[in-house]
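Here is a note for a colleague who is meeting this structure for the first time.

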Amino acid sequence: GKESSPALIAWIALISILIKGGQIPFGLWVAETMETPSPVAAFINSLVIPVSTFILFNTFAPLLIMHDLMPWLCTIAITSALASSTAALVQFEIKKVLGYSTIATTSLMLLALANNNTSLALIILTLHAVAKSLLFLTYASVIQAASGEHDIRAIGGLGKVLKFSYLNAVIGSVIIILLTCIYILSETSPAYTLVGTVIAALVTLSLLRLIAYTFPGKLFGIDAIIARLKPESKQVVLSVIGLSTIAIAAT
């Protein structure tokens, strides 16, 4: 009836935010986008997902508040952040590790917005955009150099050859880790601080694991990979130099 229609619209608005943000149970599409070329995946993860989620939230926030749906949003965001950061920790496909960390970061941004901390959400949005673009293009260089190999179990010790990619992977990962720490330090609620700490720890471990498998040591298929390793392309190097400069400046 007339009384139920506004509530229905509010629920539809909430679901649209969750779908665009890749939140549970609507986040499966994010993993599927990882099959796209790396520049497209970088664009989707650094801008499309977080920015569109930010815009949708600010558009529908009054409606969610009116119908008392913010607690639902926070609960789903926390669950999504924990699930996606845990999933990132057990993935072996490079792009999926980065994609699941995008969902976790978007969840933190939603929690900041739901707690009326727009400035924190904008910091997360900005740092994530430049860092995730840097990470996707850096690991795209790794995949290209390794003749299209995406599985971190089949590569290792590439830092001996891909020193520039190694450096930029560290820079991008540190910025993502830093923004999770900023979230923890900016929260006043002990419960949200605890949740943020767990999420930050999981995201940190997943990104460090990705670096550890790919660059420092001889872990799995290093001999075969080194034998057919291609040099880093000049185009990728120039692009990543610009991104790393912007990332450091933004941080």
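**Notes on loops, rings and charges**

1. Pro25 lies in the loop between helix 1 (4–20) and helix 2 (28–32), and please bear in mind, here and below, that this is a predicted model. The peptide bond that joins Ile24 to Pro25 is cis, with omega at about 0 degrees.

2. Asp68, in the loop between helix 3 (38–66) and helix 4 (70–90), has a positive phi of about 55 degrees although it is not a glycine. With a relative accessible area of 56%, Asp68 is exposed.

3. Asn116 sits in the loop between helix 5 (94–114) and helix 6 (118–145), and it too is a residue other than glycine with a positive phi, in this case about 65 degrees. The relative accessible area of Asn116 is 68%, and the residue is therefore classed as exposed, the cut-off being over 50%.

4. A search of the whole structure for aromatic pairs finds 4.

5. Another aromatic pair, that of Tyr166 and Phe215, is stacked, with 5.0 Å from centre to centre and 5 degrees between the planes. Tyr166 belongs to helix 7 (residues 163–186), whereas Phe215 is in the loop between helix 8 (190–214) and helix 9 (222–227), so the pair links parts that are 49 residues apart in sequence. Tyr166 counts as partly exposed at 28% relative accessibility, while Phe215, at 1%, counts as buried. Ring pairs also bring Tyr139 into a cluster with Tyr166 and Phe215.

6. How many salt bridges does a search of the whole structure find? The search finds 1, and it is formed by Asp151 and Arg153, whose closest N and O atoms are 2.8 Å apart. Side chains of opposite charge can pair when their charged atoms come close. Asp151 is partly exposed, with a relative accessible area of 21%, and Arg153 is likewise partly exposed, at 40% relative accessibility.

Definitions and conventions:
Residues are numbered from 1 along each chain as its sequence is written. This is a predicted model: local features need pLDDT of at least 70, side-chain atom pairs count only at pLDDT 80 or more; totals for chains, interfaces and linings use all residues. Side-chain values use heavy atoms; hydrogens and water are left out. A salt bridge is a side-chain nitrogen of Lys or Arg within 4 Å of a carboxyl oxygen of Asp or Glu. Buried means under 20% relative accessible area, exposed over 50%, partly exposed in between (1.4 Å probe, protein chains only). Helices (H or I, at least four residues) and strands (E, at least two) are DSSP runs, numbered from the N terminus. Rings of Phe, Tyr and Trp (its six-membered ring) pair if their centres lie within 6.5 Å; planes under 30 degrees apart count as stacked, over 60 as edge-to-face and the rest as tilted.
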